[in-house]
Amino acid sequence: MRTRGILLVGNMGAERDNLRKWFECSYQMLEAQSQEQILQDLETGHNRIAAILLGMEDPQLNGFEVLELLSELHWTDRIPVVTIVSRHSKKVDEVILRGYGLGMADVICMPCPAEVAQRRIQNMMELYAHRLYLDKIATYQTRELRQQECKLRRTYTFIIDALSTAVEFRNGESGQHIRRIRGITEVLLRHLAVTHRELGLGEEQVETIIYAAAMHDIGKIAIPDSVLLKPGKLTEYEYAIMKRHTLYGCALLQSFVYEQDDALATCCYEICRSHHERWDGCGYPDGLVGNQIPLAAQVVSLADVYDALVSRRIYKPPYSHSQAVQMIQDGECGAFNPMLLKCFMEVEKQLCEQFAFHAAECSDGSLPAYRGAYMEIQDKHIYQGGPSGENRSPEEMATYNLLDQLGISYERLDHSPAATIADCEEVKDLLGVEICKNLFLCNRQKTHFYLLVMPGNKAFHTKELSSQIGSARLSFAGPEALEEMLGVTPGSVSILALMNDPGHQVQLLVDRDVAEEPLFGCHPCRNTSSLKIRTKDIFEVFLPYTGHSPTLVTLSNE
């Protein structure tokens with residue numbers, strides 16, 4: 001049985017018959033006469049197409065444009081494109097000069113002895129197959145290394161949090177401060193990563209800073225109780241002692257045995273030492289100015305100031321969110337990077353909402369904690385249907401009302417804000433369903449927007465998706481576009497948000513693994529609850545109501 005195929009593209013004259021005759025015994029021969037048909041054949045049969053033979057002299061199909069398209073969509077990375085041109089053609093030199101730069105694997109000038117042409121094409125197919133095999137092995141090994149790295153990071157996090165929490169308890173707090181700092185830092189960093197790509201904030205660097213943020217005040221362990229726990233204003237002498245916590249923390253970190261180029265250890269040191277530096281040079285301990293201050297320390301510094309303002313301290317009551325924002329804007333807490341301040345103002349509503357600083361104080365006098373990766377679920381009861389509406393947003397209640405109107409039954413679990421998929425581990429265990437990962441994407445020109453729904457345990461690879469939907473250079477769309485088109489904030493997006501897109505501005509992409517599961521887990525346009533719904537009801541009732549037709553994609557688990 002011929003399980004592999006060769007795609008013939010464009011008019012090759014009599015040479016097409018020769019090519020078909022040479023390979024039809026071993027390969028299924030496919031044909032395409034337009035760019036649309038090529039992409040359709042690749043999308044439906046990309047796992048079995050072994051090579052593309054492209055005629056370069058078809059007057060109806062520009063071979064160079066086809067090459068450019070296949071290269072831009074990264075098909076030439078996986079499938080060899082062998083161009084076919086007459087050796088007497090005026091295009092031979094141009095094909096040779098331009099073709100390789102556009103991703104061509106080889107060029108065959110016809111007529112050519114059958115044995116030679118067959119062998120060259122066969123060699124290319126074997127070469128690419130072997131390369132894909134090696135890539136698969138490398139991907140598997142990379143995944144194994146990442147899993148080991150995750151285990152190490154969990155160990156790092158436990159140690160970091162144990163040390164930091166010990167300091168917080170000594171400081172008379174519940175230990176929730178470090179969790180809120182980590183959460184606020186994450187919100188700021190992720191917004192910066194999207195709005196200021198020139199900073200080069202990749203996912204690994206963002207996560208490293210988030211982990212390290214908890215260590216910012218570790219040096220307070222060396223501050224005497226008489227200073228650290230003093231309920232009133234510190235004297236000048238006492239303040240000088242307090243300021244030394246930045247240096248004590250660095251000394252403590254340096255006493256640990258670690259690799260000097262370890263990114264996490266270096267980041268912990270920078271944050272610990274420089275989180276009280278200020279943009280105008282009026283901070284401590286080194287009086288750094290502007291971008292002399294490490295970016296990680298700048299972000300944690302702003303997060304620390306905001307949390308200190310809105311939290312109760314032994315020496316002051318909490319300020320309201322709006323008061324804290326105004327004080328930071330007015331420079332009452334020192335000067336900050338203007339770019340970072342702009343970012344802060346763009347996410348201040350999210351901070352207020354996500355960290356619940358607008359809510360009443362807890363019974364112990366502290367503010368409600370940000371849970372993040374430490375999210376706890378106080379009420380573990382599984383509810384049938386929606387809530388009464390008390391303390392619920394209009395967006396969330398509109399979701400429940402629509403599901404009820406459509407006759408879709410669902411189970412509900414309430415919890416603190418779940419900002420990431422990692423936060424949903426306990427939700428998955430209690431609710432008995434995997435919460436889907438939802439990515440809001442756009443093309444380079446920001447003319448096409450996509451909602452990708454995929455399993456939470458899969459990694460997202462841009463190239464893999466781009467090649468399947470024919471949209472090159474995908475990137476994450478910003479929070480402004482998300483709110484404008486789907487009416488939700490980051491962390492709360494789900495397939496149910498398509499009810500807010502009557503104009504069908506957003507194209508729905510669904511991983512086949514999600515579509516094949518009997519149950520579907522998602523947020524009701526608010527990340528403080530999670531729902532379990534029958535997948536059949538999503539695809540056969542909800543989506544037809546919204547008018548959105550899903551495009552199924554296949555994403556690897558690598």
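Trainee: What percentage of the 558 residues of the protein count as buried?

Mentor: This is a predicted model: local features need pLDDT of at least 70, side-chain atom pairs count only at pLDDT 80 or more, and totals for chains, interfaces and linings use all residues. Residues are numbered from 1 along each chain as its sequence is written, and side-chain values use heavy atoms, with hydrogens and water left out. Buried means under 20% relative accessible area, exposed over 50%, partly exposed in between (1.4 Å probe, protein chains only). Of the 558 residues, the buried share is 49%.

Trainee: Among contacts between residues at least 6 apart in sequence, what percentage join residues at least 24 apart?

Mentor: The protein has 20 helices and 14 strands, taken as DSSP runs (H or I, at least four residues; E, at least two) numbered from the N terminus. Contact means heavy atoms within 4.5 Å. Among contacts between residues at least 6 apart, the share joining residues at least 24 apart is 67%.

Trainee: Which strands stand at the edges of the open sheet of five strands?

Mentor: The order is S2-S1-S3-S4-S5, with parallel pairing (two strands pair if DSSP finds at least two bridges between them). An edge strand here has a single partner strand, so one side is left without a neighbour in the sheet: that describes S2 (28-32) and S5 (106-110).

Trainee: By how many degrees are neighbouring strands of this sheet turned against each other on average?

Mentor: Direction is ignored for this value.

Trainee: At roughly what angle do the axes of H12 and H13 cross?

Mentor: Axes are lines fitted to C-alpha atoms, for helices over the stretch in contact. H12 (residues 295-310) and H13 (residues 321-329) come within 9 Å, and the angle is roughly 135 degrees.

Trainee: How many residues of the contact of H12 with H13 are nonpolar?

Mentor: H12 brings Leu-302, Val-305, Tyr-306, Leu-309 and Val-310, and H13 brings His-321, Ala-324, Met-327 and Ile-328. Nonpolar covers Ala, Val, Leu, Ile, Met, Phe, Trp, Tyr, Cys and Pro; Asp, Glu, Lys and Arg are charged; the others, Gly among them, are polar. The contact has one polar residue, no charged ones, and a nonpolar count of eight.

Trainee: How far apart in space are Ala-477 and Phe-440, C-alpha to C-alpha?

Mentor: Ala-477 lies in the loop between S10 (475-476) and H18 (479-486), and counts as buried because its relative accessibility is 12%. Beyond its neighbours within four places in sequence, Ala-477 is in contact with Phe-440, Leu-441, Cys-442 and Phe-449. Ala-477 and Phe-440 are 37 residues apart in sequence, and in space 5.9 Å.

Technical notes:
Axes are lines fitted to C-alpha atoms, for helices over the stretch in contact, and angles run from 0 to 180 degrees between N-to-C directions.
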